[in-house]
Amino acid sequence: MKILGIESSCDETAASVVENGRLVLSHVVVSQIDIHKHYGGVVPEIAARSHIEVINPVVQEALERAGCSWDDIDAIAVTYAPGLVGSLLVGTLAARTLAILHDKPLYPIHHVEAHVYANFVVEQDLGRGTSRTGKGESRESLERELDSTPSKTASRRESYDSRVADVSSRVEPSSPLVYEGSRYETFEVARGEAGAISEGTSATRVSAAAYATETRSEAVPDGIEATSLPTFRLPTHQPAFPMLALIVSGGHSQLVLFRDHGDYELLGQTQDDAVGEAFDKVAKILGLPYPGGPSIAEAAKKGDAKRYKLPKARMPGRYDFSFSGLKTAVLRAVQHEVGKDFTFPSHELPGLVDDEMRHNFAASFQRVAVETLVDKAIAAYREFGPASVVIAGGVAANLELRRQLADRLPIPIEYAPIQFCTDNATMVATLGYYRAQKLEPADPYTVEVVPSLSMTKSKWAITK
Ligand code: KG4
Ligand code: ZN
């Protein structure tokens, strides 16, 4: 079963095709980061407009790169909640329209639940619509070999990774398929390749116009290929149930225990800011660029994580989090360090912070934020003894989080490649498959977006 996934809940427009909830055939993401970074955060109106500009070309690109016509697609899955209302509307309306037009079943997907399903993608065939002869064989023989020895030791994993790279390079040098980076990067390359696009033309227009006139092969694909990745480093197997999921993104921080697909329990969640939001806000205080997560992680590499003592919140709920106090503690400590009191405007603070202080604060904040998450995850592991522990959401890209969990958990921590941790449609299409096994599709004429919806409210009322 091949599912087309569509994601537009925040500032990434994405479409992917995934087969049987485990094999990614295409993965296209157009990020708006370069637009929003000028404002230090996502501007909802600009986000919605930018989604409209690229949604059709992005869907088309995902189909083409998967080598699929509409006849090959069995269903459409789309993020309908939660997120920015204007952003959600674009993807949802596109999906509804396509479902009606091509007569496909439509599965509305909860974005936070989808983040967890990034961990279920374990195979790739990014063959850009070319014949699969040779490539399929290579992958299948690799798979067979792995199936016969499913152990997950570090050396096994390493040798798998190196063989994946080997398979892809033997297959087809131009096969990879990721719109990495921003539209502006894409534009830079596209302009270089096509030569005829004037200064000031937006990348969006380039691709939209190219699609409209069917001359896209001149401008867009070459440029995209030049910025794409060779392959994803995928896990060797899907996580086992019961599965403990630590979901950490810009909008969510929660611990969820999955007994099976669709059968899960929320153990705890943040009572104020999400952890990604705290990374973004602390980055602003320190004068580091948006999005704060990656820039804090980078700055932290050069800092002393023990230099500043920052508080860990104590919460009444055993598995609840709080990050607002930590963020304020950083603000006060920075003010103290530069000799200004709390009346000093916080937007002027970064100008007074030197690099050494910035690196030390980034490292000290990251250590405490990550420890807070890991303390609770370990406590939940001890109480529930799950068969697997996965991390999901944008903050799951954080290497310090992965390192601390790996150090403290008695079983290996499982996570998806970074490209599947931040917002994307592969996770949406993957979850779509499991929902389609147990649930009836939605009526494309009536699906509504829900900007604010807890994952537990989207729980499956199983109908099959
Ligand atoms: O899942 P995501 O792409 O979007 C939401 O659904 O929110 O997550 C975005 C969040 C941002 O707050 C970003 O700062 C954070 O994930 N993030 C990171 C890292 N990469 C992205 N946080 C910490 N370390 C990272 N390496
Ligand atoms: Zn997300």
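## A tour by selection

Select Glu-61 and Arg-65: both residues are buried. Buried means under 20% relative accessible area, exposed means over 50%, and partly exposed is in between, with a 1.4 Å probe and protein chains only. This is a predicted model, in which local features need pLDDT of at least 70 and side-chain atom pairs count only at pLDDT 80 or more, while totals for chains, interfaces and linings use all residues. Residues are numbered from 1 along each chain as its sequence is written, chains are lettered from A and ligands numbered from 1 in the order in which they are written, and side-chain values use heavy atoms, with hydrogens and water left out.

**Salt bridges**

Stay with this pair. The side chains of Glu-61 and Arg-65 form a salt bridge, 2.5 Å from N to O. A salt bridge is a side-chain nitrogen of Lys or Arg within 4 Å of a carboxyl oxygen of Asp or Glu. Side chains of opposite charge can pair when their charged atoms come close. Because Glu-61 and Arg-65 are 4 residues apart in helix 2 (residues 44-66), about one helical turn separates them. Helices (H or I, at least four residues) and strands (E, at least two) are DSSP runs, numbered from the N terminus.

How many salt bridges does a search of the whole structure find? The search finds 19. Next, select Arg-259 and Glu-265, another bridged pair, whose closest N and O atoms are 3.0 Å apart. Glu-265 is partly exposed at 32% relative accessible area, and Arg-259 is partly exposed at 41%.

Then select Arg-318 and Glu-383, where the closest N and O atoms of the salt bridge are 2.9 Å apart. This pair links distant parts of the chain, 65 residues apart: Arg-318 lies in the loop between helix 11 (292-300) and helix 12 (324-337), and Glu-383 lies in helix 13. Arg-318 is exposed, at 52% relative accessible area, while Glu-383 counts as partly exposed at 44%.

To see a network of salt bridges, select Lys-312, Arg-367, Glu-371, Asp-375 and Arg-408.

**The cores**

Now select Val-116, Leu-246, Leu-255, Phe-258, Phe-365, Leu-401 and Leu-405, the residues with the most contacts inside the largest nonpolar core, which has 93 residues. A nonpolar core is a set of buried Ala, Val, Leu, Ile, Met, Phe, Trp, Tyr and Cys residues joined through side-chain atoms within 4.5 Å. Which helix gives the most to this core? Helix 13 (residues 355-384) does, with 15 residues. A second, separate core has 30 residues, including Leu-23 and Ile-55.

**Helix 14**

Select residues 399-408, which form helix 14; its buried residues are Glu-400, Leu-401, Arg-402, Gln-404 and Leu-405. These buried residues pack against strand 7 (243-248), helix 13, strand 10 (388-392), strand 11 (413-414) and helix 15 (418-421). Focus on Leu-401: leaving out residues up to four places away in sequence, its contacts (heavy atoms within 4.5 Å) include Leu-246, Val-370 and Ile-391.

**Strand 4**

Last, select residues 75-81. Is strand 4 enclosed or exposed? Strand 4 is largely enclosed by the rest of the structure, because 7 of its 7 residues are buried. Strand 4 pairs with strand 1 (residues 2-7) in the parallel sense over 4 bridges; strands pair if DSSP finds at least two bridges between them. Here Ile-3 stands opposite Ala-75. Strand 4 also pairs in the parallel sense with strand 5 (residues 106-110), over 5 bridges, and there Ile-76 stands opposite Leu-106.
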